[in-house]
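Student: I would like to learn how to read strands and helices in a model. Could we begin with the strands?

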Amino acid sequence: MEVSDHKLIIVGAGPAGLCAALYAARSEMDAVLLDRGPAGGQLLLTDRVDDYPGIKTIGGMELADAMAEHAESFGTGLTRGDVRSIERDSEGRFVVQTAEGDTFRAPALIMTAGGTHKLLDVPGEAEYSGRGVSYCAICDGAFFKGETIAVIGGGDAAVEEGEFLTRYAEKLYVIHRRDEFRAQKMLQEHLLANPKVEVIWDTVVDEIVGQPTGVSGLKLRNLKTDAESELNVTGVFIFIGFTPNTGVLKEHVDHDESGYMVTDYDMRTSIPGLFAAGDLRSQLVRQITTAVGDATTAVFAADRYLKERHGSQNETQNGSESGFQSMVESQT
């Protein structure tokens, strides 16, 4: 168990965290980047990235590796640590405790921890998790080669991962509770142009059914007609959104109705010295480009905060010394 002091702590090593680590290292801010897993975050679950400026197309893992290598080349590498709690001490420093028993302290902290996949919360989901129920197309898609599978959701992740799964599946159903996708138009066009794909609109999954070997089907319900039906599939991939990973914060921070952290334009939260960037921040869209933009702003804002904090402490100290000197002189 170790205790280490830094100027800045960055929690989460997705695109936002890696970008923050890069800029912090370039600014010589004595920063530490913490994450429980390998660098990359959601990039590790993305097959192809084709909307990052200057790069026509690149694999998600390849981009994650490139970002991590770039940050490390300036001196800030990933430190493995499963963050369990973040609170402030009497001096206003952030104290980060990890499951491994290590403690990290710093006067400024940037949260870039992203989110966790939301669950359908229906019968059979937990029972068949890892036996036909998945939340990662890249991780598990190859296990369903030549089979009939389903994707649940209608956002960017569902549509993009659905297209990826068509390389393995013989037939792919996309089940969405609305009558249109929320995903980017280009992603929709790629998916809908694939002859393997069939969309089931206005429908929800009431139950995931199976056998000892794994998933065998879904029980569906149409939201407009209330009609029930069954669909034979051997796999179901769930992409219905994320829950922001803010639970480790022990102090209340302003957030929106979905739990995403509210910031100003400088990525400052309601807690002095705490900044947020990337997918856990309340904003209109959540893309790699917005994540790295958030992180760039957050680092420079954190640097300014640290300088102002240091100046304020010096003024307080100098003020006390001047007052003491005046008192001594008045008594002589």
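Tutor: Two strands are said to pair if DSSP finds at least two bridges between them. With that in mind, and remembering that this is a predicted model, we can turn to strand S19, which covers residues 235-238.

Student: Which residue in S19 is the bridge partner of serine 134?

Tutor: The partner of serine 134 is phenylalanine 237. Strand S12, residues 133-134, pairs with S19 in the parallel sense, and two bridges hold that pairing.

Student: How many bridges join strand S13 to S19?

Tutor: Strand S13, residues 148-152, runs parallel to S19 and is joined to it by four bridges; in this pairing, isoleucine 149 stands opposite glycine 235.

Student: Where do the side chains of a strand go?

Tutor: In a regular strand, side chains alternate between the two faces of the sheet. In S19, Gly235 and Phe237 point one way, whereas Val236 and Ile238 point the other way, and all of them are buried.

Student: Now to the helices: at what angle do the axes of H1 and H2 cross?

Tutor: The axes of H1, residues 15-26, and H2, residues 60-73, come within 8 Å and cross at roughly 20 degrees. Angles under 35 degrees count as roughly parallel, and therefore H1 and H2 are roughly parallel to each other. Their crossing is left-handed.

Student: Which residues of H1 and H2 meet?

Tutor: From H1, Pro15, Leu18, Ala21 and Leu22 meet Ala64, Met67, Ala68, His70 and Ala71 of H2.

Terms used:
Residues are numbered from 1 along each chain as its sequence is written. This is a predicted model: local features need pLDDT of at least 70, side-chain atom pairs count only at pLDDT 80 or more; totals for chains, interfaces and linings use all residues. Side-chain values use heavy atoms; hydrogens and water are left out. Axes are lines fitted to C-alpha atoms, for helices over the stretch in contact, and angles run from 0 to 180 degrees between N-to-C directions. Angles under 35 degrees count as roughly parallel, over 145 as roughly antiparallel, 65 to 115 as roughly perpendicular and the rest as oblique. A crossing is left-handed if the near helix is turned anticlockwise from the far one by less than a right angle, and right-handed if clockwise. Contact means heavy atoms within 4.5 Å. Buried means under 20% relative accessible area, exposed over 50%, partly exposed in between (1.4 Å probe, protein chains only).
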